[in-house]
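Please read it alongside the structure shown here.

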Amino acid sequence: MPVPALLVSLIVGLALAGCVVTPIHLDPLSVEGRDGGGPIPTYAMLMRIGAAAQSGGDLPNALGVYRRAAELAPQDPAPLIAAGDVLLQMGNINEAIVSYNAALVRPGDTQGAQVGLARAFLKTGKPQLALTPLSKAMEASPDDPKLLLLLGVTKDLAGSHLEAQGYYRGGLVRAPGNPALTVNLALSLALSGNYPNAISVLQPLAMSPAASAQERQTLALIFGLNGNTAEAARLGRIDLDDASVEHNLAYYQSLRELPPEARSQAILSGSPARAS
């Protein structure tokens with residue numbers, strides 16, 4: 001079944017999506033000191049250089065710098081966690097898991113490694129494996145909306161939509177109006193067949209002046225699943241050309257013809273990025 005144009009990263013993608021930036025390539029070690037004529041890069045300098053490379057989209061250099069920082073500070077988990085995050089961005093899931101596990105055996109704050117492991121396991125399509133690191137992270141930060149979001153995502157991927165919705169709502173109590181929590185709650189409601197509530201949850205956000213195309217097209221998807229093709233088409237045309245809108249409408253129709261469980265699986269498997 002072809003995935004429609006601009007089909008959002010259903011459930012997981014919205015939980016973890018980041019901004020796309022134009023890569024800025026740099027030589028992270030092009031600093032004074034390589035030939036002994038200046039200061040050798042310190043751990044703190046390397047972490048700053050790695051963060052700059054990562055934020056600029058130069059992921060290979062960021063990874064190399066974080067790994068060198070990890071060698072300079074063998075007791076600090078931070079550079080291994082940062083390297084795991086970069087590997088996750090690059091799609092190297094197994095290597096990211098290795099980096100996060102290496103961070104967990106170091107002393108210090110390893111919550112980022114637990115969260116990273118959960119994100120990596122979600123990308124492998126094994127939500128049950130994400131529960132252990134998420135539970136450990138929750139012990140330290142039980143009210144963190146980001147962790148509640150990830151728990152909701154985990155439950156949705158496991159088919160436990162009502163539990164997922166409880167986590168999303170709990171996150172929204174702590175972070176009212178959070179877009180990721182709002183969209184994921186709406187999608188979860190739609191996956192469980194509660195289309196009216198899904199629309200009422202998402203519509204204020206998706207129709208606001210600051211709404212993103214992803215939010216609008218998620219609402220279009222929900223209208224399409226509910227059989228309101230006219231509204232789905234209207235929303236689709238805000239961001240898409242006519243051919244793409246027609247393609248999406250056909251996709252929504254094919255989803256409506258599936259049994260509920262198969263429909264959920266089709267939507268989740270059609271997501272282009274399980275856990276960015």
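1. In the residue classes used here, Ala, Val, Leu, Ile, Met, Phe, Trp, Tyr, Cys and Pro count as nonpolar, Asp, Glu, Lys and Arg as charged, and the others, Gly among them, as polar. By this scheme, the lining of the largest cavity divides into 6 nonpolar, 3 polar and no charged residues. The model under review is predicted.

2. On the cavity itself, a search of the whole structure finds 1 cavity of 30 Å³ or more. The space in this largest cavity amounts to about 30 Å³. Its lining consists of Q217, A220, A232, A233, G236, V245, N248, L249 and Y252.

3. Which helices supply at least two residues each to that lining? They are α12 (213–225), α13 (229–239) and α14 (242–256). The largest share, 4 residues, comes from α14.

4. Turning to helix pairs, helix α4 (residues 78–90) packs with helix α5 (residues 93–104) at an angle of about 165°, and their axes are 8 Å apart. Angles over 145 degrees count as roughly antiparallel, and α4 and α5 are therefore roughly antiparallel to each other. Their crossing is left-handed.

5. The contact between α4 and α5 brings L80, I81, A83, G84, D85, L87 and L88 of α4 against I93, E95, A96, S99, Y100, A102 and A103 of α5. By class, 10 of the residues in this contact are nonpolar, 2 are polar and 2 are charged.

6. Helix α5 also packs with α6, at an angle of about 155° and with the axes 9 Å apart. That angle makes α5 roughly antiparallel to α6. The crossing of α5 and α6 is left-handed.

7. Which residues make the contact of α5 with α6? From α5 they are I93, I97, Y100, N101, A103 and L104, and from α6 they are G112, A113, Q114, G116, L117, R119, A120, F121 and K123. This contact divides into 9 nonpolar, 4 polar and 2 charged residues. Residues I93, Y100 and A103 of α5 take part in the contact with α6, and I93, Y100 and A103 also meet α4.

8. Are α6 and α8 roughly parallel or roughly antiparallel? Helix α6 (residues 111–123) and helix α8 (residues 145–157) pack at an angle of about 25°, with their axes 11 Å apart. That makes α6 roughly parallel to α8, since angles under 35 degrees count as roughly parallel. The crossing of α6 past α8 is left-handed.

9. In the contact of α6 with α8, Q111, V115, R119 and L122 are contributed by α6, and L147, L150, V153, T154 and L157 by α8. The classes here are 6 nonpolar, 2 polar and 1 charged. R119 of α6 belongs to this contact, and R119 is also listed in the contact of α5 with α6.

How values were computed. Residues are numbered from 1 along each chain as its sequence is written. This is a predicted model: local features need pLDDT of at least 70, side-chain atom pairs count only at pLDDT 80 or more; totals for chains, interfaces and linings use all residues. Side-chain values use heavy atoms; hydrogens and water are left out. Axes are lines fitted to C-alpha atoms, for helices over the stretch in contact, and angles run from 0 to 180 degrees between N-to-C directions. Angles under 35 degrees count as roughly parallel, over 145 as roughly antiparallel, 65 to 115 as roughly perpendicular and the rest as oblique. A crossing is left-handed if the near helix is turned anticlockwise from the far one by less than a right angle, and right-handed if clockwise. Contact means heavy atoms within 4.5 Å. On a 1 Å grid over the protein atoms alone, a cavity is a set of points where a 1.4 Å probe fits but cannot get out, and a pocket is an open set with protein on both sides within 12 Å along at least five of seven lines; lining residues have an atom within 4 Å of a point. Grid points are joined across faces, edges and corners, and a volume is the space filled by probe spheres set on the points.
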